[in-house]
Amino acid sequence: MSKMPNSAELAKSISYSVPQKGWMDIKPEFRPGNYAYPAKEDTMRGLGMPNPHTWAPENEDWGLPKNWEKIIYNALKVRLEKYRSLKVFMDTCVRCGACADKCHFYIGSGDPKNMPVLRAELLRSVYRKDFTTAGKLLGKVAGARKLDKDVIKEWFYYFYQCTECRRCSLFCPYGIDTAEITMIVRELLHELGLGLHWIMDPVSNCNRTGNHLGIQPHAFKEIVEFLCDDIEEITGVRIDPPFNEPGHEVLFITPSGDVFADPGIYTFMGYLMLFHEIGLDYTLSTYASEGGNFGLFTSADMMKKINAKMYAEADRLGAKWILGGECGHMWRVVHQYMDTMNGPTPSCMEVPKSPITGTVFKHAASTKMVHIAEFTADLIKHNKLNLDLSRNDHLNVTFHDSCNPARAMGMLEEPRYVLQNVCNNFFEMPENTIREQTFCCGAGSGLNTEEIMEIRMRGALPRGNALRHVQEKHDVNTLACICAIDRATLPPLADYWAPGVNVVGLHELVANALVMKGEKRRTMDLRQEDLPNVPDEPEEEDEMPEELTGGAEADDAAADAGADNGEGGEE
């Protein structure tokens with residue numbers, strides 16, 4: 001891995017100057033630190049992926065199959081026929097440049113091929129050559145080019161510098177979704193056996209164990225029980241969540257990172273405390289132990305396969321509806337794809353209705369799945385939670401709109417409503433960096449891997465800059481989010497661009513503020529750090545020495561006698 005520059009050096013290194021050569025004549029240079037490790041051959045083979053083989057990006061020969069050009073041509077042809085949107089995206093771009101400076105990777109690198117318009121052109125140019133009359137006749141004059149091995153390498157280099165955040169699509173006058181173009185190109189690369197270790201290993205784990213981290217059922221249960229031990233230490237309240245139990249109204253599914261990884265575990269503890277406090281009739285599953293879906297970064301077929309386990313488990317357990325945890329790509333898949341990919345829902349499932357408030361979540365009538373942020377916002381709106389906001393007074397909080405819940409779901413107000421009701425000190429980042437225009441963490445879509453840390457920090461520059469702004473203006477020390485990948489990627493981002501800011505999940509803050517029935521005197525937050533504004537516990541009076549007890553008893557007797565005689569007493 002190359003030496004990592006500090007934040008000041010990285011910012012100064014960015015140049016937006018116009019290259020001296022045309023973009024078709026500039027080839028990517030692979031060196032340690034600017035590409036992610038390739039998937040292992042055994043992993044690809046175990047998943048049944050086509051053409052598995054061992055290869056290295058730095059090698060001249062990537063070991064492509066002999067008929068690789070035909071494989072790509074046929075695979076692209078199939079997808080152009082299957083996905084009408086892809087054909088539209090290939091034909092409608094007018095190169096207006098509205099998206100050019102909207103990508104965090106272009107802002108952080110200055111590389112023109114990270115402009116969404118030009119990144120899409122990497123595929124569009126090949127499409128023109130093979131699938132349009134103008135391209136076949138006029139070639140480069142019409143923006144067409146022949147597919148060769150350098151093009152394949154270029155695809156790998158740049159389409160793994162796209163986090164599928166869809167910010168560019170927000171500004172496109174034609175609504176071209178560059179994220180879907182990225183998804184297609186990654187599928188084409190997989191046809192040649194070219195994948196990423198950090199994506200394909202989680203997919204493999206999910207196939208084997210039901211979650212991306214490869215946690216076995218017994219280990220999953222033990223980890224949750226350890227978290228319950230910590231909750232009891234902090235609150236004095238014992239929680240014993242059900243596992244794999246049929247007959248409960250709600251099946252709760254969350255990303256496995258919330259069960260296993262710091263700081264996600266504190267968010268998971270928050271879920272458990274909330275469910276216990278409101279008496280939710282729910283169960284956890286050690287089979288559907290993952291809400292996230294790395295299939296979104298692999299192929300449509302893999303996305304469908306991984307997603308299917310949620311409905312399968314709801315059907316097996318007889319759950320009426322599914323409550324989902326804080327996750328980004330889980331909710332893009334659920335909101336935009338699950339209904340058509342895995343629907344209709346099992347016959348046991350019903351339109352979600354909160355058993356606590358009676359609210360019917362009509363927008364989830366088809367998927368039968370509700371996001372935890374909207375569920376909790378509804379509880380707060382109906383005054384169902386006893387909250388002490390002062391427990392979070394040591395935190396000056398800002399909120400990162402995770403790309404998928406924000407742009408793919410339109411979930412903008414619910415998490416803010418929750419935040420404003422569990423903490424007193426909330427500050428927004430600049431207007432053009434939040435809500436629909438939110439900037440990505442720089443490491444989504446399976447790019448959360450250590451070997452490309454410089455690329456990640458370049459992509460993180462816009463979010464880091466906005467975070468640094470509120471840190472300096474409002475003394476912000478806490479960045480909240482509702483995405484498991486963000487809870488993994490934002491800590492290094494904050495350490496690099498805004499040192500001193502900690503990352504938390506929304507429901508960690510909810511649990512800090514939650515006053516539970518039967519809890520002991522709370523002195524610690526979920527991280528077992530001191531809570532603010534906790535008065536010192538009054539000291540117990542020392543017992544009186546035995547030799548003095550007689551005098552004290554005599555004084556008490558005299559006082560009683562005086563009271564009986566009406567001396568110094570009140571009637």
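This is a predicted model: local features need pLDDT of at least 70, side-chain atom pairs count only at pLDDT 80 or more; totals for chains, interfaces and linings use all residues.
A salt bridge is a side-chain nitrogen of Lys or Arg within 4 Å of a carboxyl oxygen of Asp or Glu.

View 1. Are Glu121 and Arg124 buried or exposed? Both Glu121 and Arg124 are buried.

**View 2. Glu60 and Lys153 pair across a stretch of sequence.** Here a salt bridge of 3.9 Å, N to O, joins the side chains of Glu60 and Lys153. Glu60 belongs to the loop between helix H2 (41-46) and helix H3 (68-82), while Lys153 is part of helix H8 (residues 149-159), so this pair ties together parts that are 93 residues apart in sequence.

**View 3. Domain 1 and domain 2 touch.** The domain assignment places domain 1 at residues 21-195 and domain 2 at residues 201-381. Contact between them takes 14 residues from domain 1 and 15 residues from domain 2. Their centres, taken over C-alpha atoms, are 34 Å apart. About 1000 Å² is buried between the two domains, and carbon and sulfur atoms give 51% of that area.

**View 4. Asp177 and Arg332 meet in a salt bridge.** How many salt bridges are counted between domain 1 and domain 2? The count is one. The Asp177 and Arg332 side chains come together at 3.6 Å, N to O. Between the domains there are also four residue pairs in polar contact. On the side of domain 1 that touches domain 2, helix H10 (residues 178-191) supplies the largest share, six residues. That side of domain 1 divides into five nonpolar, two polar and seven charged residues.

**View 5. Five residues join in a salt-bridge network.** Asp401, Glu413, Arg416, Glu428 and Arg435 are linked to one another through a network of salt bridges. Across the whole structure, a search finds 34 salt bridges.

**View 6. Arg522 and Glu519 are a buried pair.** The side chains of Arg522 and Glu519 meet in a salt bridge of 2.9 Å, N to O. Both partners, Arg522 and Glu519, are buried.

Methods:
Residues are numbered from 1 along each chain as its sequence is written. Side-chain values use heavy atoms; hydrogens and water are left out. Domain bounds come from an automatic or database domain assignment. Contact means heavy atoms within 4.5 Å. Buried area is the accessible area (1.4 Å probe) that two parts lose on being put together, summed over both. A polar contact is a pair of N or O atoms within 3.5 Å; within protein, one must be able to donate a hydrogen and the other to accept it, and residues adjacent in sequence count only if both atoms are side-chain atoms. Helices (H or I, at least four residues) and strands (E, at least two) are DSSP runs, numbered from the N terminus. Ala, Val, Leu, Ile, Met, Phe, Trp, Tyr, Cys and Pro count as nonpolar, Asp, Glu, Lys and Arg as charged, and the others, Gly among them, as polar. Buried means under 20% relative accessible area, exposed over 50%, partly exposed in between (1.4 Å probe, protein chains only).
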